[in-house]
Amino acid sequence: MVKIAVTGKGGVGKTTLSGTLARMLARDGYDVLAIDADADMNLASALGIKNAPKPLTDYKDLIEERAGEKGGMFKFNPKVDDVVNRFGVVGPDNVKMLVMGTVERGGSGCMCPASAFLKAFLRHVVLKDSSAVILDMEAGIEHLGRGTTRGIDLMIIVVEPGMRSIETAQRIKDLSEGIDIKHLAAIINKGTSANIKPKLEEMGIPVLGQIPYDPDLVEADFNGLSPIDVGGKWVDSVTEIKNHILEMISGFEKKE
């Protein structure tokens, strides 16, 4: 089992990394489920899927049936075990994909059936004995406050050269300790800087690797192609990082 969440400041390349890791793990023989839990919902293009599935939050009748009517009583643990087969799509390398969608909240953002449904689904897929789950989380740290990343093996923080990205990594680490995320690691994207890796390691966040700037990646994005289908030094670097991720998770399992 491999359960990974990918997060970081907006614009650091976490969605591109999530899609590439999912495809690579599938090529390694894993049964992969990639979940787009980002409000921007761009994971499909990173996976090479032309027609993304509808967000789960669009299925309002289903949510009301399973979780209860909006404004009334609702269930905290609605039925979700059939969601992947009913509402997901299968992309290149047989990667299954789902889009979570966003919950519209007014005022203070109180609990609602849609929120209960999404939380129950994430608990199901994260705690279930699947071969591999990749969660492309929303930018920043708000998702940590909702506790949607409990039960994962490794949270990867994508960092780019710059102090704002480092500061976000520190806040993610601080919040993760309160929701039982035991293992974090960082990946430095878009080049490197001599002082970034030491800063992360001082914070107690090991660095899995560094990914160079690659014009082939920019061209792939411009043409609507998945990076893994184009190749280049960016993809080569992610291949090495993927191997380090598997080694790290294997080490966790042996210790536990």
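Trainee: In which loop is N94 found?

Mentor: The model is a predicted one. In it, N94 sits in the loop that joins β3 and β4. Its phi is positive, about 65°, although N94 is not a glycine.

Trainee: Is N94 buried or exposed?

Mentor: The general idea is a cut-off on relative accessible area: under 20% is buried, over 50% is exposed, and what falls in between is partly exposed. N94 has 52% relative accessibility, so it counts as exposed.

Trainee: Which residue other than glycine has a phi near 55°?

Mentor: That is M41, again with a positive value. M41 belongs to the loop between β2 and α2. With a relative accessibility of 34%, M41 is classed as partly exposed.

Trainee: How many helices and strands does the protein chain contain?

Mentor: The chain has eleven helices and eight strands. It comprises 256 residues, and 51% of them are buried. Its accessible surface is about 12100 Å², with 48% of that belonging to carbon and sulfur atoms.

Trainee: What share of the contacts with a separation of 6 or more comes from residues 24 or more positions apart?

Mentor: The share is 75%.

Trainee: How should I read the strand pairing?

Mentor: Strands in a sheet pair through backbone hydrogen bonds, in either a parallel or an antiparallel sense. Here an open sheet of eight strands shows mixed pairing, and its order is β3-β4-β2-β5-β1-β6-β7-β8. The edge strands are β3 (89–90) and β8 (207–210), each of which pairs on one side only.

Trainee: Which helix packs on the sheet and touches β1, β2, β5, β6 and β7?

Mentor: It is α1, residues 14–27, and its direction makes about 170° with that of β5. Helix α11, residues 233–255, lies across β1, β6, β7 and β8. The angle between α11 and β8 is about 170°.

Trainee: How many bridges join β1 to β5?

Mentor: Five, and the two strands run parallel. Within that pair, V6 stands opposite D136 of β5. Strand β1 also pairs with β6, in the parallel sense and over five bridges. There, T7 has I157 of β6 as its bridge partner.

Trainee: What joins β6 to β7?

Mentor: Strand β6, residues 154–159, and strand β7, residues 184–188, run parallel and are joined by five bridges. V158 has I187 of β7 opposite.

Trainee: How many of the residues of β1 are buried?

Mentor: Seven of its seven residues are, so read the two faces in turn under the buried limit of 20% relative accessible area. One side carries V2, I4, V6 and G8, the other K3, A5 and T7, and all of these are buried.

Trainee: Is D136 buried or exposed?

Mentor: D136 belongs to strand β5. Its relative accessibility is 0%, so D136 counts as buried. Leaving aside residues up to four places away in sequence, D136 touches V6, K14, T15, S18, I35, D36, A37, D38 and L43. V6, as noted, is the residue opposite D136 in the strand pairing.

Trainee: In which strand does M97 lie?

Mentor: M97 is in β4, residues 96–99. At 1% relative accessibility, M97 is also buried. Beyond residues up to four places away in sequence, M97 has contacts that include L33, A34, D36, L43, A44, L47 and I49. P53, G88 and V89 are also among the residues M97 touches. For a distance along the chain, take N85: it is twelve residues from M97, and their C-alpha atoms are separated by 9.9 Å.

Trainee: What is the volume of the largest pocket?

Mentor: About 610 Å³. The lining of this pocket has 27 residues, and G13, T15, T16, L217 and D221 lie nearest the centre.

Trainee: Which helix gives the most to the lining of the largest pocket?

Mentor: Helix α9 does, with four residues. The helices α1, α2 (43–47) and α9 (215–222) each supply at least two residues of that lining.

Definitions and conventions. Residues are numbered from 1 along each chain as its sequence is written. This is a predicted model: local features need pLDDT of at least 70, side-chain atom pairs count only at pLDDT 80 or more; totals for chains, interfaces and linings use all residues. Side-chain values use heavy atoms; hydrogens and water are left out. Buried means under 20% relative accessible area, exposed over 50%, partly exposed in between (1.4 Å probe, protein chains only). Contact means heavy atoms within 4.5 Å. Accessible areas come from the Shrake-Rupley method with a 1.4 Å probe; for residues, only the protein chains shown count as cover. Two strands pair if DSSP finds at least two bridges between them. Axes are lines fitted to C-alpha atoms, for helices over the stretch in contact, and angles run from 0 to 180 degrees between N-to-C directions. On a 1 Å grid over the protein atoms alone, a cavity is a set of points where a 1.4 Å probe fits but cannot get out, and a pocket is an open set with protein on both sides within 12 Å along at least five of seven lines; lining residues have an atom within 4 Å of a point. Grid points are joined across faces, edges and corners, and a volume is the space filled by probe spheres set on the points.
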